[in-house]
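Please look through the structure below before reading my points.

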Amino acid sequence: MIRVLLADDEAMVRAGVRAILGADGAIEVVAEAADGREAVDLALKHRPDVVLLDVRMPRLDGLQAAKELARHGFGVAVLTTFNDDGYLEQALDGGARGFLLKSGDPRELIAGVHALASGGAYLAPKVAARMITRFRTSRVGAARAQVESLTTRERDVLALLGEGLSNAQIARRLDLVEGTVKGHVSAILTRLGAQNRVQAAIVAHEAGLVTG
């Protein structure tokens, strides 16, 4: 059995979550807490496999409780109404391995508990999708900033390098001597901090230089 401690200051919410978890025969709610301090005390007493914490609770909020419980080695997930990047970052920085939404599909809650119990991590799909978008946006911005340090000709070479062309093919396409292309590629790798052509090609794609 996966032993779960549930902490939320609203009794109705706890009852709903307990009912959802109870539908899975492998999960047992062994304790409930109405605030963060009680959650920590009960976790130390019952040693659950997973602790589900609301964010906004009296005495000790869920984010602080998550940090304290993570230090003790508990698998902690924040369960909240607020799909907020600030809460997400604080929870993960504090050692939580899960971030679940009360408005999500009940199956997400069960999947999250199983993931944490097995030593993994779990983000609600809506949260994960937003994180992926942020990551991609960050990578694109970084790549474009890198490309700005190149000359116009170097950007031309990088774009073709991103298409997978060899130095000889790039030389023919741009009407250059192959040795000149080789020099441009060397300069590009240095300016981008890339170790090889593959890494440079990735930057070319992320910066939007490769349109085909």
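1. A residue is called buried when its relative accessible area is under 20%, and exposed when that value is over 50%. This cut-off is needed for the next point. Note also that the model is a predicted one.

2. Take Val113, which sits in helix H5, residues 106-117. Is Val113 buried or exposed? Its relative accessibility is 1%, so Val113 counts as buried.

3. What does Val113 touch, leaving aside residues up to four places away in sequence? Its contacts are Ile2, Val4, Leu21, Ile27, Val50 and Leu52. Ala26 lies 87 residues from Val113 along the chain, yet the C-alpha atoms of these two residues are 10 Å apart.

4. Now the helix pairs. Two packed helices are described by the angle between their axes and by the distance between those axes. Helix H4 (residues 85-93) packs with helix H6 (residues 125-147) at an angle of about 90 degrees, and their axes are 12 Å apart. H4 and H6 are therefore roughly perpendicular to each other. On the H4 side the contact is made by Asp85, Leu88 and Glu89, and on the H6 side by Val127, Arg130, Met131 and Arg134. By class, this contact of H4 with H6 has four charged residues, three nonpolar ones and no polar ones.

5. The second pair is helix H7 (residues 152-162) with helix H9 (residues 178-192), packed at an angle of about 90 degrees with axes 10 Å apart. This angle makes H7 roughly perpendicular to H9. H7 contributes Arg153, Glu154, Val157, Leu158 and Leu161 to the contact, while H9 contributes Val181, His184, Val185, Ala187, Ile188, Arg191 and Leu192. The residues in the contact of H7 with H9 divide into eight nonpolar, three charged and one polar.

6. How many helices and strands does the chain have? The secondary structure comes to ten helices and six strands. Among contacts between residues at least 6 apart in sequence, 60% join residues at least 24 apart.

7. On overall dimensions, the chain has a radius of gyration of 25 Å, whereas a compact globule of 212 residues would have one near 17 Å. Along the principal axes, the C-alpha atoms fill a box of roughly 75 × 30 × 25 Å.

8. Last, the surface. Of the 212 residues of the chain, 42% count as buried. The accessible surface comes to about 10,800 Å², and 51% of it belongs to carbon and sulfur atoms.

Conventions:
Residues are numbered from 1 along each chain as its sequence is written. This is a predicted model: local features need pLDDT of at least 70, side-chain atom pairs count only at pLDDT 80 or more; totals for chains, interfaces and linings use all residues. Side-chain values use heavy atoms; hydrogens and water are left out. Axes are lines fitted to C-alpha atoms, for helices over the stretch in contact, and angles run from 0 to 180 degrees between N-to-C directions. Helices (H or I, at least four residues) and strands (E, at least two) are DSSP runs, numbered from the N terminus. Angles under 35 degrees count as roughly parallel, over 145 as roughly antiparallel, 65 to 115 as roughly perpendicular and the rest as oblique. Contact means heavy atoms within 4.5 Å. Ala, Val, Leu, Ile, Met, Phe, Trp, Tyr, Cys and Pro count as nonpolar, Asp, Glu, Lys and Arg as charged, and the others, Gly among them, as polar. The radius of gyration is taken over C-alpha atoms; the globule rule is 2.2 Å times the number of residues to the power 0.38. Buried means under 20% relative accessible area, exposed over 50%, partly exposed in between (1.4 Å probe, protein chains only). Accessible areas come from the Shrake-Rupley method with a 1.4 Å probe; for residues, only the protein chains shown count as cover.
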